[in-house]
Amino acid sequence: MREGRKSATNPDLLAAALFDIAAESGLENASVREVAKRAEVSIGAVQHHFSTKEQMLTFALRTLTERMLNRLTESAPGTSPQVALFHALSQLLPLDEQRTREAHVLAAFAVRAATSAPLAEIRRTALFTVRTGISAVLIQVALPEAETRAALLLATVNGLALDAIGNPDLYPAHYLEYALESQIRLTLHDAEVSTGLAD
């Protein structure tokens with residue numbers, strides 16, 4: 001992978017370098033100089049693509065959210081609502097090394113977005129997209145107030161992810177999976193009760 005970075009510089013490779021740094025030591029350490037060093041290119045090569053650190057961060061967050069959104073929508077057609085919801089929402093939990101690194105970086109971007117309009121807009125769009133997708137599943141099962149229930153499911157997952165990256169010993173992967181399955185089951189049970197299917 002290093003050899004590919006040496007032979008050519010492109011925004012995706014620089015975003016990957018920034019992601020690595022942010023996952024290991026936080027966004028504050030993802031300077032242009034450090035990204036250039038990690039990508040094994042000159043500072044000028046980074047500045048050729050991004051004239052400011054803010055532009056580099058914006059591109060990196062957009063790249064990460066697009067990758068995650070693609071995974072969230074990969075559920076095979078015909079799967080049950082419970083399976084579809086679990087597959088999508090589990091992508092946001094730190095259940096393996098990749099998703100743990102992503103959760104760390106997303107948490108860092110969430111803090112940074114509080115003072116950055118471009119980052120805040122990317123997060124808003126991504127959250128709206130995920131919530132809309134969850135709502136669509138809940139609407140299919142005739143759940144009342146589907147959008148509100150979708151927001152609550154997403155908030156549960158985001159809260160679990162944040163707690164888990166801060167206290168990994170308290171939130172091992174099997175516990176996170178069980179908690180997510182339980183919350184989905186409770187949400188769908190409400191749909192069964194409202195339609196009389198729970199009898």
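These questions and answers walk through a predicted model, from its helices to its pocket, salt bridges and aromatic rings.

Residues are numbered from 1 along each chain as its sequence is written. In this predicted model, local features need pLDDT of at least 70, side-chain atom pairs count only at pLDDT 80 or more, and totals for chains, interfaces and linings use all residues, while side-chain values use heavy atoms, with hydrogens and water left out.

Visitor: How many helices and strands does the chain have?
Guide: Helices (H or I, at least four residues) and strands (E, at least two) are DSSP runs, numbered from the N terminus. Along the sequence the pattern reads α-α-α-α-α-α-α-α-α-α. The count is 10 helices and 0 strands.

Visitor: What percentage of the residues count as buried?
Guide: Buried means under 20% relative accessible area, exposed means over 50%, and partly exposed lies in between (1.4 Å probe, protein chains only). The chain has 199 residues. The buried share is 38%.

Visitor: Which element gives the most residues to the lining of the largest pocket?
Guide: On a 1 Å grid over the protein atoms alone, a pocket is an open set of points with protein on both sides within 12 Å along at least five of seven lines; a cavity is a set where a 1.4 Å probe fits but cannot get out, and lining residues have an atom within 4 Å of a point. Helices H5 (53-72), H7 (97-113), H8 (117-140) and H9 (146-166) each give two or more residues to the lining of the largest pocket. The top contributor, with 5 residues, is H9.

Visitor: How much space lies in the largest pocket?
Guide: Its lining has 18 residues, and Leu106, Ala107, Arg123, Leu127 and Asn158 lie nearest the centre. Grid points are joined across faces, edges and corners, and a volume is the space filled by probe spheres set on the points. The value is about 470 Å³.

Visitor: How many nonpolar, polar and charged residues are in that lining?
Guide: Ala, Val, Leu, Ile, Met, Phe, Trp, Tyr, Cys and Pro count as nonpolar; Asp, Glu, Lys and Arg count as charged; the others, Gly among them, count as polar. By class, the lining of the largest pocket has 15 nonpolar, 2 polar and 1 charged residues.

Visitor: Is Glu102 buried or exposed?
Guide: Glu102 meets Arg67 in a salt bridge at 3.2 Å, N to O. The pair links distant parts of the chain, Glu102 in helix H7 and Arg67 in helix H5, 35 residues apart. Arg67 is partly exposed at 36%. At 1% relative accessibility, Glu102 is buried.

Visitor: What is the angle between the planes of Phe50 and Phe59?
Guide: Rings of Phe, Tyr and Trp (its six-membered ring) pair if their centres lie within 6.5 Å; planes under 30 degrees apart count as stacked, over 60 as edge-to-face and the rest as tilted. The structure holds 2 aromatic pairs. Phe50 and Phe59 form a tilted one, 5.5 Å centre to centre, with an angle of 45°.

Visitor: What kind of aromatic pair do Tyr171 and Tyr175 form?
Guide: Tyr171 is partly exposed at 21%, and Tyr175 is partly exposed at 39%. Their centres lie 5.8 Å apart, with 70° between the planes. The pair is edge-to-face.

Note on methods. Salt bridge = Lys/Arg side-chain N within 4 Å of Asp/Glu carboxyl O.
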